[in-house]
Amino acid sequence: MTKTLKVRLWDKKTGEFNTVTQAFIPLRKVLDWLKLEEEIAEMVDNQQKLFKYFDDLGKGKEVGEIPETTAPLSDIEIFERRIRLIADLFDNKEVTYDALLDNANAMDKLIVDVQEIVMNQYSKADGSNESGKD
């Protein structure tokens, strides 16, 4: 069974959705997605360390130096970067960052669907060793 990535874009002229599909996702795109997910996880981990540091400090516990952190990505920045990555997955020139923002239906849960498809190319949810194979 071949998996296909799909996005529905609203055509304002016809008042209908056009479905654009992508059957091939290069591993480089999976790597780009994983890098973003790793950056997000590291950011969350750093924030937790910083919160713990100040919590311990407030409780009078002995603390070392303040944990090093980078400026966290905002939810908006994360959303924008995910949308850009999704646009880059498609060979069809109709699917752009702006087209997704303006014409993709928010109720389609595009980011969640793409994340599931991309991550399944990395490893199978069932724990098998056949990553990315159907």
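Modeller: Helices are DSSP runs of H or I with at least four residues, strands are runs of E with at least two, and both are numbered from the N terminus. This is a predicted model, where local features need pLDDT of at least 70, side-chain atom pairs count only at pLDDT 80 or more, and totals for chains, interfaces and linings use all residues. Residues are numbered from 1 along each chain as its sequence is written, and side-chain values use heavy atoms, with hydrogens and water left out.

Colleague: What is the mean pLDDT of the protein?

Modeller: The mean is 85, and 88% of the residues reach 70 or more. pLDDT is the predictor's confidence in each residue, from 0 to 100.

Colleague: Which element has the lowest mean pLDDT, and which the highest?

Modeller: Helix H4 (residues 110-122) has the lowest, at 78. Helix H3 (residues 97-103) has the highest, at 96.

Colleague: Now the charges. How many salt bridges does the structure hold?

Modeller: Seven. A salt bridge here is a side-chain nitrogen of Lys or Arg within 4 Å of a carboxyl oxygen of Asp or Glu. One of them joins Glu39 and Arg81, at 2.8 Å from N to O.

Colleague: Which helices do Glu39 and Arg81 lie in?

Modeller: Glu39 lies in H1 (residues 27-58) and Arg81 in H2 (residues 75-89), so the pair ties together parts that are 42 residues apart in sequence.

Colleague: What about Asp45, which residue does it bridge to?

Modeller: Lys49, with the closest N and O atoms 3.3 Å apart. Asp45 and Lys49 are four residues apart in H1, about one helical turn. Asp45 is partly exposed at 34%, and so is Lys49 at 44%.

Colleague: And Lys52, what does its side chain meet?

Modeller: Asp56, in a salt bridge of 2.7 Å from N to O. Lys52 and Asp56 are also four residues apart in H1, about one helical turn. Asp56 counts as buried, at 11% relative accessibility. Salt bridges that share partners join Lys52, Asp56 and Lys61 into one network.

Colleague: Which H1 residues are buried?

Modeller: Among them are Val30, Trp33, Leu34, Ile40 and Tyr53.

Colleague: Switching to rings. How many aromatic pairs are there?

Modeller: Two. Rings of Phe, Tyr and Trp (its six-membered ring) pair if their centres lie within 6.5 Å; planes under 30 degrees apart count as stacked, over 60 as edge-to-face and the rest as tilted. Trp10 and Phe17 are edge-to-face, 4.8 Å centre to centre with 70° between the planes. Tyr53 and Phe54 have centres 5.2 Å apart and planes at 85°, so that pair is edge-to-face.

Colleague: Which charged residue lies over the face of Phe17?

Modeller: Arg8, at 3.9 Å from the ring centre. The cut-offs are NZ of Lys or CZ of Arg within 6 Å of the ring centre and within 35 degrees of the ring normal. Arg84 has its charged end over the ring of Tyr97, 3.7 Å from the centre.

Methods
Buried means under 20% relative accessible area, exposed over 50%, partly exposed in between (1.4 Å probe, protein chains only).
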